[in-house]
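Good morning, colleagues. I would like to take you through some side-chain and helix geometry. Please have the structure in view as I speak.

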Amino acid sequence: MSIKTIILIITTTMMINVCKGQSQAPVVRPATQANRFYTGDARELSEEVDSLLSMHNSQCIMHNNVAALIVPHAGYYFSGNVAASAYKSIDPKKQYKRIFLLGPSHHEWLDGASVNTEADYYATPLGNVKVDHEMAVALTNTDKTNAVFRYRPEAHDREHCLEVQLPFLQRMFKEVAPIVPIIISTNDYDKLKRIAEVLKPYFTDENLFVISSDFSHYPSYEDACEVDAKTGKAIETGNVEEFIATINANARSGKRNLATSACGEFAIITLMLMLDQNYEVKHLLYQNSGDISGEHDRVVGYHSFAILRNGQNSSGQTRTDTDFSLSADEKKALKEIAFNSIRDSLDGKRIAVANFSLFTIHSSLKQKCGAFVSLHKHGHLRGCIGHFGEDYPLYEIVAEMARAAAFEDPRFMPVTRDELNDLDIEISVLTPMRRIQSLDEFELHRHGIYIKKGYRSGTFLPQVADEVNWTKEEFVGHCSQDKAGLGWDGWKDAELYVYEAIVF
């Protein structure tokens, strides 16, 4: 065989392999922020993230209807706790088709959005996360006329805001869905609207959106708490115009050293442009760097939010499988009852719930069920008391639990009058119990279980499943053994009931 023939064969083989993609190694975007924003040691990183997530086991209720998260992106030492509170709101068993990661550019001005169409994977010390390359390319091809989506390598090479989210996703999910990394950097409102229009068809139950943003940069501790509270409340409204107005008002406030109210404001605006009445913005936690370091002269603020996709009927009510419903007006009424209960107690008055005008039209408020009331001040827990049982009407339980949370939680000093207007009230309503005949009717993470046999009974709230790694049978077995005192298999000839928690 001649030299020319050998060369021809080798060349032809190489060309065939290239055509088949066999000689092209996958493009891996390296973990550029390892040992900067988080440790580069895989074991230490796993332990750190797991520890942060475990801090929210007892407070957090996981949801299978999370549409999006807003999470911080500072070093884990500073913002890891707040980020963990967001990730713990996700049901780890829910299988998303893809995860859209949206964040700001800290290095390049793009006047648009850059989606990474080059990388096949993003690396972290915990392994590689696959990129949905086909989706990334599709976005850049969607709107070539306006070209709001392009690929700018410099927007991704050194950027940390998306990378720091990956280890949390890797520890939350057994297998992370393919990601779509998008950096948004434009203050052109029309372009942001166009970005949102392109993304909205993918803003569905099969996908998760993670919005990466820190909040106030570099004011004093006191100013940060004030500014971030206003920004957070604006986000909770779900109204993009109110959010933009608040950002602008903060900029004009004259707060010393306030460089921005939200570094990811353009990504947040994009998200809010996709929201409608079918979504609820739930604030989870607020801290700033001063809470961690003790330095209060210059701080950075961190919020976390979960955006929940509401299950609604034609009348706009949130419904459960126990046929118990609470409309938006009824939820608002319960919030007013809770607030008035605390205010009346501060005034030395009895809780005047019987005179509440909405009782005559809100029959759901008269149903007998349990409830928990949690109070937060500037994102920090300020009290939480609850009642399990179906012995009092819901409106009475909420009034009493609000008063108890404000003045009887042994972990906190009683609420003062000066704090009243700074309180955020969260109510968890336990729906009326429903008898079941088989464990096939019990859904882990969604249902609480109540077991009754003779004079013995016990219950596990729905969120207990979020704190442990039990199967459905183990969940019921532990409740039977540890709570009802019936033994591991005692539930099998006992009465079983399920209920849910409506949190607002």
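To how many aromatic pairs does the count come? The count comes to 15 aromatic pairs, where rings of Phe, Tyr and Trp (its six-membered ring) pair if their centres lie within 6.5 Å, and planes under 30 degrees apart count as stacked, over 60 as edge-to-face and the rest as tilted.

One of these is the pair of W109 and F266, which is edge-to-face, with 6.4 Å from centre to centre and 75° between the planes. W109 lies in the loop between β3 (98-104) and β4 (112-115), and F266 in helix α10 (residues 265-273), so the pair ties together parts that are 157 residues apart in sequence. Helices (H or I, at least four residues) and strands (E, at least two) are DSSP runs, numbered from the N terminus. F266 is buried, at a relative accessible area of 16%, whereas W109, at 47%, is partly exposed. Here buried means under 20% relative accessible area, exposed over 50%, and partly exposed in between, with a 1.4 Å probe and protein chains only.

Before I continue, a note on the source. This is a predicted model, in which local features need pLDDT of at least 70 and side-chain atom pairs count only at pLDDT 80 or more, while totals for chains, interfaces and linings use all residues. Residues are numbered from 1 along each chain as its sequence is written, and side-chain values use heavy atoms, with hydrogens and water left out.

I turn to F203 and F209. Their ring centres are 5.2 Å apart and their planes stand at 85°, so this pair is edge-to-face. F203 counts as buried at 5% relative accessibility, and F209 counts as buried at 0%. Both belong to one aromatic cluster, formed by F100, Y202, F203, F209 and Y279.

Next, charges over rings: NZ of Lys or CZ of Arg must be within 6 Å of the ring centre and within 35 degrees of the ring normal. K94 lies over the face of Y96, at 5.4 Å from the ring centre. R435 lies over the face of Y497, at 5.7 Å from the ring centre.

Finally, the helices. The axes of α8 (residues 221-237) and α9 (residues 240-251) come within 8 Å and cross at roughly 165°; axes are lines fitted to C-alpha atoms, for helices over the stretch in contact, and angles run from 0 to 180 degrees between N-to-C directions. That makes α8 roughly antiparallel to α9, a term for angles over 145 degrees.

Methods
Parallel < 35°, antiparallel > 145°, perpendicular 65-115°, else oblique.
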